[in-house]
Structures are given as structure tokens and as C-alpha cells.
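Keep the viewer open as you read.

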Amino acid sequence: MNKRRFRFHSSNSCEQKISQSLERIGNRKTTTRRRWLGASLAGGFGLVAGGVFIRPSGAAAGYASPNERPGIAVVGFGGRGRALAKDAARFGPVVAVADADLGYAEQGRQFFEGKSAVYQDYRKILDRPDVDVVINATPDHWHTLINVAACKAEKDVYTEKPLTLTIDEGKLLCRVVKQTGRVVQVGTQQRSEAPFRLACELVRNGRVGKLHQVIVLLPFWTTKGGPFPGQPVPPELNWDLYQGQAPERPYHPMRTHFHFRWWFEYAGGIVTDWGQHHMDIAHWGMNVEHTGPREVEAQGYFPNHGQPDCFNNPDRFVARLSYPGPIDLLFLVARDDKYLASMAQGDITPQADAELFAGVPEEWKNEKRNGIMFIGDQGRVFVNRGGVFGKPVEALAEKPLPADAVRLEASDDHMANFFDSVKSRGKPISDVFVGHRTITACHLVNISMRLGRPIRWDPEQEKIIGDTEAESWLSRPQRPPYQLDRI
């Protein structure tokens with residue numbers, strides 16, 4: 001690692017405490033109606049201004065008659081599951097909803113006017129012959145088990161990100177998708193938004209010159225909170241099922257629904273939650289979608305300092321990843337208004353903040369926007385959900401990309417792209433093979449952060465080099481009976 005540009009410090013005693021606590025944590029096929037699957041997509045590609053080809057969206061992914069429309073089941077009907085279910089219902093009936101919290105599943109029935117069957121156990125929907133597509137909007141620790149089971153049950157899957165809880169889960173999922181031939185779309189919907197595609201096409205076509213650095217900035221979400229002592233389990237919640245493969249813990253509502261992501265037992269925190277979104281675009285622009293970094297070094301801050309029954313994922317971090325090229329990638333949280341408010345409340349001291357950001361250029365210490373900045377020797381391009389910015393963008397009016405320019409796959413509707421692929425049996429724009437490589441980079445950041453040392457990675461062999469302890473973090477023990485090898 002280039003220590004002259006970035007300085008990283010060893011873990012302080014607070015981080016050592018949480019590492020010790022986390023070490024304990026770490027220590028049927030069915031007959032389905034498929035007549036419509038072999039049908040080819042109606043129509044071709046449409047040309048829009050600027051010569052960008054776009055895959056047909058909602059209307060083109062429609063089906064000629066109700067009998068051709070795929071049956072959809074939703075697993076996990078929280079906020080994200082509700083939104084995805086509504087989106088997917090454009091293309092077929094939602095015939096079933098499953099949630100470990102039966103109250104949420106019942107909300108799904110009401111949402112679809114009583115037409116959806118309700119289950120607490122997701123496995124029952126996989127046995128239904130009228131379910132062709134599964135929308136997986138569960139917490140992170142359930143993603144892989146459900147995705148693998150759905151593929152083996154001959155269902156296609158739209159899965160929320162982060163794709164996996166561990167790197168080894170991703171390897172397994174990729175093997176299963178290859179073996180079963182199922183269509184699996186990862187919910188990294190920025191791939192279906194024109195500004196992100198344009199930014200990556202500009203970089204791929206040399207409009208920033210030779211790319212040498214990428215900055216990936218995530219929004220800040222505080223994980224200051226707790227302790228959250230055990231409470232009685234609500235009668236509508238199957239708490240054992242909710243915990244799944246994770247270590248058994250006392251129930252508290254702050255371990256469920258939106259807040260699950262701040263617990264290492266169930267998720268990778270902001271590093272994986274938003275990291276899969278923005279790192280996906282960084283990899284797309286860098287043209288490293290099927291490989292990964294060679295070295296990763298990270299430092300994080302845990303605002304609860306390892307106290308029991310508190311959120312135990314970090315809420316701010318700085319990481320540096322080295323890719324062939326050479327390309328340096330700086331990965332960090334933006335010190336936005338929420339971050340500064342957290343500092344004002346004393347969640348982190350000025351000294352700890354200065355230590356965390358030591359060696360980071362002032363420009364990125366002071367950047368409040370989240371997004372991706374591509375920096376070359378002839379210019380730079382910045383993109384986020386607010387748009388795409390930079391002189392290469394402004395220059396397009398007078399110097400558009402030529403007819404023979406590198407063009408990336410285009411989609412203007414992520415869910416429609418998925419259903420197009422279900423019908424055509426083609427590859428979706430956010431397939432699991434790309435998604436696995438993206439989340440692998442994020443998982444390596446978490447591993448480096450928690451071990452307090454650099455990680456050397458072999459992306460061809462998908463192995464950590466020369467560090468047996470770090471290699472053991474590629475998987476986690478899984479609580480019976482929720483092990484993947486039981487599927």
C-alpha cells in the first residue's frame with residue numbers, strides 16, 4: 001500500500017474490544033408453468049437521443065394474456081419488499097407473500113386486496129407450482145439461502161442487495177445459478193439509470209484520459225445506539241426463523257426490519273448496504289466487473305465501542321483498494337451534514353475523526369456528496385443519483401461519442417429488465433456473477449477493518465493470500481438447521 005499518500009493506524013482498544021466480541025460471533029424440484037419462458041421478446045431495441053440503445057421497458061416486458069403472466073411470490077414484506085412487490089406486480093400476479101413476521105405478511109395480503117396467500121415460512125411458497133418468480137427482500141443473512149433454494153426449486157429471482165453475507169456464499173450462489181440456469185437479478189438499480197451508464201461509458205471511452213483513481217463516497221448513517229436488552233417476542237413473529245443462520249440472540253425490535261443492517265450478525269453495515277450500489281458503478285466504469293482488487297486496507301469507527309447489546313457495525317470508515325492498471329480506489333463515508341451532526345453530538349471525538357481520516361486528501365475529507373468520482377490524467381467525471389457532472393459531460397454537446405464507441409448494456413427499468421430476461425432466458429443487467437464480485441470487494445473491506453491489517457486478494461482464485469486467520473472470515477458458522485448445505 002502507498003503509505004506516503006494514505007496513513008492507516010492500528011485499531012485502538014475500543015475497536016479491539018468489538019473485534020473480540022465479534023470473534024465469538026464468527027467463532028426439490030417442482031413442476032412449474034413455463035410455456036411463456038421460451039417466447040422471444042417482442043420488438044427490438046429503441047434508439048434514443050445521443051445514440052444510446054435502450055432495452056424496452058415495462059410495456060415491452062408485458063405478456064399477451066393473463067395465462068402467460070408469471071406468478072410472483074414475495075419473501076420479506078418490509079418497506080423494500082413492499083416497493084418491489086408493487087413494481088413487480090406490473091408483470092404478473094403476486095400470488096403469495098411470506099415473512100417471518102406474520103403481521104407483515106398479512107399486510108401483503110391486504111396490499112394485494114386479499115388475493116395473495118400468506119405464509120410465515122418461505123419454503124411453502126417454493127412448493128407452489130404457480131410461483132415462477134421470487135422477490136427476495138429479506139435481511140442480508142437470509143439472501144443466499146433463499147436464493148439458492150429458489151433456484152433449485154426452478155424459480156427465477158429478483159434479490160435485494162447486498163447479494164450475500166459472506167464471500168463464500170457468493171461463490172456457492174454463482175455455482176448454483178450456473179447449474180440451474182435460473183435468471184437472478186441483483187437489486188443494484190443504478191445500473192438501470194442513464195446517468196450512471198453515461199458516466200461509465202465516458203470513462204470506458206477515454207474521456208477522462210488514463211484512469212488512475214476512483215473515489216467512492218457513501219452516505220452516512222449513524223450506528224450509535226443501545227443497549228437494547230431482550231424483550232418478549234411478539235406473537236406474530238417467529239424469532240427463531242427470523243434469526244436463521246445467525247447466532248441466537250434475545251429479541252429486540254431494533255434487531256429487525258430496517259435496523260437489522262447495523263448488526264454484524266445479520267449484515268455488513270453501510271460498507272455493504274450502500275457499498276454494493278456505488279462499488280458496482282465504480283467496477284462498471286473501471287471495467288473490472290469479473291475480477292477484483294489486489295490489496296485492501298481499511299479502518300473503521302465503532303461508536304458504541306463494543307458494548308453488549310448495542311449496534312456493532314461501524315458507521316464511518318476509510319478504505320483503500322488497489323486494482324491493476326494501476327488504479328487506486330478510495331472508499332469512504334462522506335462527511336455530510338448527518339456526519340457533522342453526529343460529531344456535534346459527541347458520537348466521535350475530533351481526535352478520533354482526525355485519526356480516521358488521516359492521509360485522506362482535504363478534497364475528500366470535505367466532500368458532502370455521496371457518489372462515484374472517476375479521475376484520469378485528462379479529466380474527471382462525478383456521478384450520483386442527482387446526475388452526472390464534469391467537463392467530459394459538458395463536452396458531449398460539441399463532441400458526442402462516435403458510432404464505434406464502447407457502449408454498455410442499456411436498461412431504463414430495472415424490474416422490467418428482469419422480467420424481460422425471465423421471458424427471453426437472457427442475462428439480466430445486474431447478474432449474480434457481477435454482483436458477487438462487487439460485494440466481494442465490500443466484504444474484503446469489512447475483513448480488513450475488523451482484523452486491523454491489510455488484506456492481499458487473489459481475484460482469480462478468490463482467495464486471501466498469506467493470512468490464514470483472514471481466510472477464515474470468507475465464511476461464517478451457520479446455526480442449525482439453517483445451513484446452506486442442508487438445501
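## A glutamate between arginines

The side chains of Glu289 and Arg191 are joined by a polar contact of 2.7 Å. A polar contact here is a pair of N or O atoms within 3.5 Å; within protein, one must be able to donate a hydrogen and the other to accept it, and residues adjacent in sequence count only if both atoms are side-chain atoms. Glu289 also has a polar contact of 3.3 Å with the side chain of Arg204. You will find Glu289 in the loop between α10 (275-286) and β10 (295-301).

Is Glu289 buried or exposed? With 13% relative accessibility, Glu289 counts as buried. The cut-offs are under 20% relative accessible area for buried, over 50% for exposed, and partly exposed in between (1.4 Å probe, protein chains only). Setting aside neighbours within four places in sequence, Glu289 has contacts that include His283, Trp284, Phe433, Val434 and Arg437, where contact means heavy atoms within 4.5 Å.

## About the model

This is a predicted model, in which local features need pLDDT of at least 70 and side-chain atom pairs count only at pLDDT 80 or more, while totals for chains, interfaces and linings use all residues. Residues are numbered from 1 along each chain as its sequence is written, and side-chain values use heavy atoms, with hydrogens and water left out.

## The chain as a whole

The protein chain has 17 helices and 17 strands. These are DSSP runs numbered from the N terminus: helices are H or I with at least four residues, strands are E with at least two. Of the chain's 487 residues, 59% count as buried.

Nine strands make an open sheet with mixed pairing, in the order β15-β14-β13-β9-β12-β11-β10-β16-β17. At its edges stand β15 (387-389) and β17 (463-464), each with a single partner strand, so one side of each has no neighbour in the sheet. Two strands pair if DSSP finds at least two bridges between them. Strands β9 (residues 211-218) and β13 (residues 371-376) run antiparallel and are joined by six bridges; Val216 has Ile372 in β13 as its bridge partner.

## Helix α6

Helix α6 (residues 167-180) has 14 residues and spans 20 Å from first to last C-alpha, close to the 20 Å expected at 1.5 Å a residue. That expected span is 1.5 Å times one less than the number of residues. At the start of α6, a side-chain oxygen of Thr166 comes to within 3.2 Å of the backbone nitrogen of Glu169. Just after α6, Gly181 has a positive phi of about 70°.

Which elements do the buried residues of α6 pack against? They pack against α5 (140-152), β8 (184-186), α16 (432-451) and β16 (455-458). Among these buried residues are Ile167, Leu173, Val176 and Val177.

## Cysteines

Cys174 is buried at a relative accessible area of 10%, and Cys151 is buried at 1%. A search of the whole structure finds zero disulfides, a disulfide being a pair of cysteine sulfur atoms within 2.5 Å.

## A buried methionine

Met415 lies in helix α15 (residues 414-424) and is buried, with a relative accessible area of 1%. Leaving out residues up to four places away in sequence, Met415 touches Leu84, Asp87, Ala88, Arg90, Phe91, Ile135 and Tyr158. Met415 and Gln185 are 230 residues apart in sequence, yet 8.6 Å apart in space, C-alpha to C-alpha.
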